[in-house]
Amino acid sequence: MMQRRTVLKGMASLPLLSSVTATNLFADKAKTALAKNGEVLTAAHWGMLKVSVKDGKITGSQPYQKTSEIYNALQYNTADMVYNSRIKYPMVRKSYLENPDSPKPELRGKDEWVRVSYEDAIKLVAKELKKTREQKGNQSVFAGSYGWKSSGNVHNSRILLQRFMNLSGGFVGDLGDYSTGASQVIMPHVVGSIEVYEQQTSWPVVLENSKVIVMWGMNPLATLRIAWTSTDEQGFKYFEELKKRKDIKIIIIDPLKTETGEYFDHATWIAPRPNTDVAMMLGMAHYLYVSKKYDKEFIETYTTGFDKFVPYLLGETDKTPKTPEWAAKICGIDAKTIKELADTFVSNRTMLMSGWGMQRAHHGEQPHWMLVTLASMLGQIGLAGGGFGLSYHYSNGGAPTCKGGVIGGVNAASVGIFNDKGEFVGTSDSEIKDGKFVKKAVAAGEDVPAWLIKTTEFAFPVARIADALLNPGKVIDHNGKKITYPDIDFIYWVGGNPLTHHQDTNTNLKAWRKPRTVVVNEPYWTPTAKMADIVFPTTTSYERNDMTMTGDYSNMHIVPMKQVVEKFYEAKDDYQIFTDLSKAYAKNLALAYTENGKSEFDWIKEYYNATLEQIKAVPDFYHEMKEFDEFWAENKPVTFSSTPESDEWVRYGEFREDPVLNALGTPSGLIEIYSETIEKMGYDDCKAHPMWFEPIEWLGMKNKPAQFHMISAHPTDRLHSQQNHTSLRDKYAVADREPIWINTKDAKEKGIKSGDLVRVFNARGEVLAGAKVTDNILQGVVKLAEGAWYDGFDSGICKNGSPNVLTIDIPTSKLANGNISHTALVNIEKFKGKAPEVMAFKEPKFSK
């Protein structure tokens, strides 16, 4: 299974959807005619949708089909996604428009905006991008654009941007992601694969064979509402089946009793202190080792380095044995319970399902490394229903993979080559010949003529964006290499909302006010759009045609994403914007970007037909794919089925059967409890085996800078910041703000009641939130879900309760440089005075 982000870069090598002019973008009128009344099939991250239209306006939406009784509130707000908080026209920040060479970047987020024509905005961006490259080089242009862009294989805003930036000369990119920044770097050292985006042991196998299921730091009833492509909701179906299985013991380990904890009302809830999971696991490992209950044969056959880990476990290296009693003092779970959990795990077929929150913490490389070590001691990795899994809570991991086709998608293209006249002449694998873009084969070692100008791409970890912007020239360690931050002076951002997503917002604001130019393509007036210099209003996925798969792991459906309504005001597709930028930037560039002007439907059809031909080439394979025109006209998804092999698939089953023939991708071919590769890096904050490191802030520290540990969990009624501007907010907001959970006893001590407006603060910043008093959270802990649109441009205090104002922006370690969003202490008090108005979802000030 390809990992989530890599899929976007490495899908099919099919050319990009394109058009050279606005008039031929929708060349086939029969396929693009909009239904003024009726129901239209489309899809989003939250599933396949039937969207109701009356008189050309969206009146409602609902799931195309349901697989379980678990409700997904994200599926009913399509009208809000089209009509709320939209950007209507191309806009330029007043100071930037007056003088792009001295644009007063310190006024970003505060300045007035000026409406300009689309043509003038295109010319301005092309001119300033070219100027930046000429003055500071391609390494000064950042276009990483990490984020949950809209579903769809054609209108992939992130890759469309990167394609333009590559063809026009090159850019600075980013590495990794916020979701799994630590684990996706450590896991290849431990098990030889990225793991966090890999297929899991099949759910039918789990339900048939597991006797104990541990949900460790995961809330699938919230996180399975979405998928990177479009959810098939199979995960809901399987968790629903799990609830019926009273013969399977369910243990939930989490400081929060989440929606999942409430749903599994017969589960055992264990609530450790946040960020102490590694200590808890070490206590179990020590008990299993000294009692000789661990699986010695598995350790000796399938792992390496356990003998070097044991001295640390026993305290021989640091005079601190990692006993259950030692662990209890750190994690707050008594030693007896730690031993009982270890006994339960080792004496039953146990599946350890882990979420990702535990690795979004200081030293986040350690939890999943230690989880694999514990699972190795249990000896059940590769057995049906046993071992561990890191994706059961994400994109329906464990739903059996279907046999069928996988639709290709946009590629980011090669770096462009220009002649001495500044004309685009091709790439390493293409050329402009007789006024046409032509693909060519380049022989190995072929010389490039001296007059051609070549460029290079740079990259740094995505969670270090603010650090990179503020500290050009700084050298950091990363996974055994050195990375030097470039001097970024031009940012182009699409498909994300980093002013809400990134940690320590006040530092991030300073960072984003450093470059000379910031351009944003965005449908909505998000905090990131408000921090730009130039904004292009873009279409939502409901205003264009596209196609997607569902399921991520299952690849169960091919869904036609039909345009539902006309484009909103002057909104344009990202594809059209980058086509026009290509035209304005250099002669011939648009020919390459659009591959000679093919229309939207040329490429949608080609992706579909390529898949259809692949399937037809498989003898005796039954499928229901029809010819493209019939598929599109029918307004139904293509559905594929799983196979007996995928239904019965066990992760690491082949490895367990023969660890020599099916060796892992590690240097030893085995599970590496001790990594000599990491040892050679010599990092002080990530050693050669899993360890307990004290976080920079946590409840067990002697001199706490604040009283409560804040967990900024994934929201239930949003996808990060998506849908924060919809009517769903009316149902969950408290005191017109993001709700903050606080334990009943803690609230009583603070004189706080449910519904109160509260101030949450620390040395990094302050926010306003609405109190929700509950027993479903560990005492000393508060929960403020991430994704609330930042709303502090005018006052410094975020009036909408965005928790990243309070989080810490330092790396997990020198190894992975992931984010530590779940490592933060805060104070909370009842707010005094008049409540300020929330402005997050309103337009900024416009200049007349």
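1. In this predicted model, helix α6 meets helix α22 through Ser-157, Leu-160, Leu-161, Phe-164 and Ser-168 on the α6 side, and through Asp-574, Tyr-575, Phe-578, Leu-581, Ser-582 and Tyr-585 on the α22 side. By class, the residues of this contact are seven nonpolar, three polar and one charged.

2. The two helices span residues 157-168 (α6) and 574-585 (α22); their axes come within 9 Å and cross at roughly 10°. Because angles under 35 degrees count as roughly parallel, α6 is roughly parallel to α22.

3. The largest nonpolar core holds 163 residues, and Trp-216, Phe-388 and Trp-512 have the most contacts inside it. Helix α12 (residues 277-290) supplies the largest share of this core, with nine residues.

4. Leaving aside residues up to four places away in sequence, Trp-216 touches Asp-277, Met-280, Met-281 and Met-284, and also Ile-253, Phe-345, Met-353, Ser-354, Gly-355, Met-358, Leu-371 and Leu-374.

5. Helix α5 covers residues 118-136, 19 residues in total, and reaches 27 Å from its first C-alpha to its last, close to the 27 Å expected at 1.5 Å a residue. Its buried residues are Tyr-118, Ala-121, Ile-122, Leu-124, Val-125, Ala-126, Leu-129 and Thr-132, together with Glu-128, Lys-131 and Arg-133. After α5 comes Gly-137, with a positive phi near 90°.

Definitions and conventions
Residues numbered from 1 in each chain as written. Predicted model: local features only at pLDDT ≥ 70, side-chain atom pairs only at ≥ 80, totals over all residues. Heavy atoms only, no water. Core = buried A, V, L, I, M, F, W, Y, C linked by side-chain atoms within 4.5 Å. Buried < 20%, exposed > 50% of the residue type's maximum accessible area, 1.4 Å probe, protein only. Helix = DSSP H or I, 4+ residues; strand = E, 2+ residues; numbered from the N terminus. Contact = heavy atoms within 4.5 Å. Expected span 1.5 Å × (residues − 1). Axes fitted to C-alpha atoms, helices over the stretch in contact; angles between N-to-C directions. Parallel < 35°, antiparallel > 145°, perpendicular 65-115°, else oblique. Nonpolar A, V, L, I, M, F, W, Y, C, P; charged D, E, K, R; others polar.
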